[in-house]
Amino acid sequence: MSFFRHICLTLALLSGALAAAGGAYAAPASAPAADPAAQLEAILSEHPELILNVLKQHSEEVLDIVQMGSDKRRRAVLLQQWEKDIREPKQVALEGRPAGGPDNAPVTIIAFSDFVCTYCHQAAYTVGNLMKRYPGKIRLIFKQVPKTESGRIAAEWFIAAYQMDKVRAWKMYALIFDRQKQVEESALATLRAIASEVGYDAKTLEASVRSRAKELDAVLAGDAADANALGFVGTPYFLVNNMVLRGALPMENFADAVEMALANTNTAAK
């Protein structure tokens, strides 16, 4: 139902109540008696203050309607964009990047993220739930574009941890995001504590990070170069089988992309 019709419905109830009370706002004689819409239009023309009263009395409902319209428009724009994106392969470096999910999953989500980015934390939580919604269907590859020194340190520790033990590394990934503020304030101390908590020898892991600093920095430089080449400004960004998603979008937007990716995969297989 359109925004205008929502207002008209409310005004119809209001005008009925007014008529029952004595017709203080009776429609002009020029309005056809058998046409309620015309009567309402006439009432609005003579008494525009009614709209303001309705909006004030139902402000939360009005905001919900506006949000629904905005979400619907955004979804339509995204679906149109993805129809084009999915046919345009994006080349990015994946070797050495942390990956989770089946190697042969039909959908690959490539994240461009930053451990100390609030929106990246929100998006990581959404993607985690998305993988639970589509078990065995999604492979996540985590690329990092840190903007601060704390983010860079966290990125290097996670890559080094992943190369030592993949299972523990993903537990570390969740805790780093959950303790964002601590990482920002004291990166090394927080990462040491997290590493120990998930079962690493923190001293051994830290030594690995230090000894392989140039290699780890090269991985991060490659991720930044890929982001720049794709026109990604800031974080998070995602590629879902080449479809571009920007920001901490709602779960249903991610699900739309996964469904489109699965449908495209099934069509290509026939």
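Mentor: A helix here is a DSSP run of H or I with at least four residues, and helices are numbered from the N terminus. In this predicted model, valine 219 has its place in such a run, helix H11.

Trainee: What makes valine 219 count as buried?

Mentor: The term applies under 20% relative accessible area. Valine 219 has 12%, which lies under that limit, so valine 219 is buried. Leaving aside neighbours within four places in sequence, valine 219 is in contact with Arg97 and Ile159. The C-alpha atoms of valine 219 and lysine 143 are separated by 8.8 Å, although these residues are 76 residues apart along the chain.

Trainee: How do you know whether aspartate 226 is buried or exposed?

Mentor: Aspartate 226, also placed in helix H11, has a relative accessible area of 13%. Since buried means under 20%, aspartate 226 is buried. With neighbours within four places in sequence left aside, aspartate 226 is in contact with Gln91, Val92, Ala93, Phe112 and Lys143.

Trainee: Why is arginine 212 called buried?

Mentor: Arginine 212 lies in the loop between H10 and H11. The relative accessible area of arginine 212 is 18%, under the limit of 20%, and therefore arginine 212 is buried. Apart from neighbours within four places in sequence, Ala160 and Gln163 are in contact with arginine 212.

Trainee: How are H6 and H11 oriented to each other, and how do you know that?

Mentor: Two packed helices are described by the angle between their axes and the distance between the axes. For H6 and H11 the angle is about 110 degrees, and the axes are 10 Å apart. Angles of 65 to 115 degrees count as roughly perpendicular, and H6 and H11 are therefore roughly perpendicular to each other. From H6, the contact is made by Arg152, Ala155, Glu156, Ile159, Ala160 and Gln163. From H11, it is made by Ala213, Glu215, Leu216, Asp217, Val219 and Leu220. These residues divide into seven nonpolar, one polar and four charged.

Trainee: Why is H5 called oblique to H7?

Mentor: Helix H5 (residues 118-133) and helix H7 (residues 166-178) pack at an angle of about 140 degrees, with their axes 10 Å apart. Roughly antiparallel requires over 145 degrees, and roughly perpendicular requires 65 to 115. H5 passes H7 in a left-handed crossing.

Trainee: Which residues of H5 and H7 meet?

Mentor: Cys120, His121 and Ala124 in H5 meet Tyr173, Phe177 and Asp178 in H7. By class, this contact has four nonpolar, one polar and one charged residues.

Trainee: How do you know on which side of H10 its buried residues lie?

Mentor: In helix H10 (residues 202-211), the buried residues are Ala202, Leu205, Glu206, Ser208 and Val209. These residues cover an arc of only 155 degrees around the axis, which puts them on the same side of H10. On the other side of H10, Lys203, Arg210 and Ser211 are exposed.

Trainee: What covers the buried residues of H10?

Mentor: The cover includes helix H6 (149-164), H7, helix H9 (187-197) and helix H11 (213-230).

Trainee: What is the secondary structure of the chain, and how much of the chain is buried?

Mentor: The chain comes to twelve helices and five strands. Buried residues make up 43% of its 270 residues. Of the contacts with a separation of 6 or more, 75% are accounted for by residues 24 or more positions apart.

Terms used:
Residues numbered from 1 in each chain as written. Predicted model: local features only at pLDDT ≥ 70, side-chain atom pairs only at ≥ 80, totals over all residues. Heavy atoms only, no water. Axes fitted to C-alpha atoms, helices over the stretch in contact; angles between N-to-C directions. Helix = DSSP H or I, 4+ residues; strand = E, 2+ residues; numbered from the N terminus. Left-handed = near helix turned anticlockwise from the far one by under 90°. Contact = heavy atoms within 4.5 Å. Nonpolar A, V, L, I, M, F, W, Y, C, P; charged D, E, K, R; others polar. Buried < 20%, exposed > 50% of the residue type's maximum accessible area, 1.4 Å probe, protein only. Arc of directions from axis to C-beta. Parallel < 35°, antiparallel > 145°, perpendicular 65-115°, else oblique.
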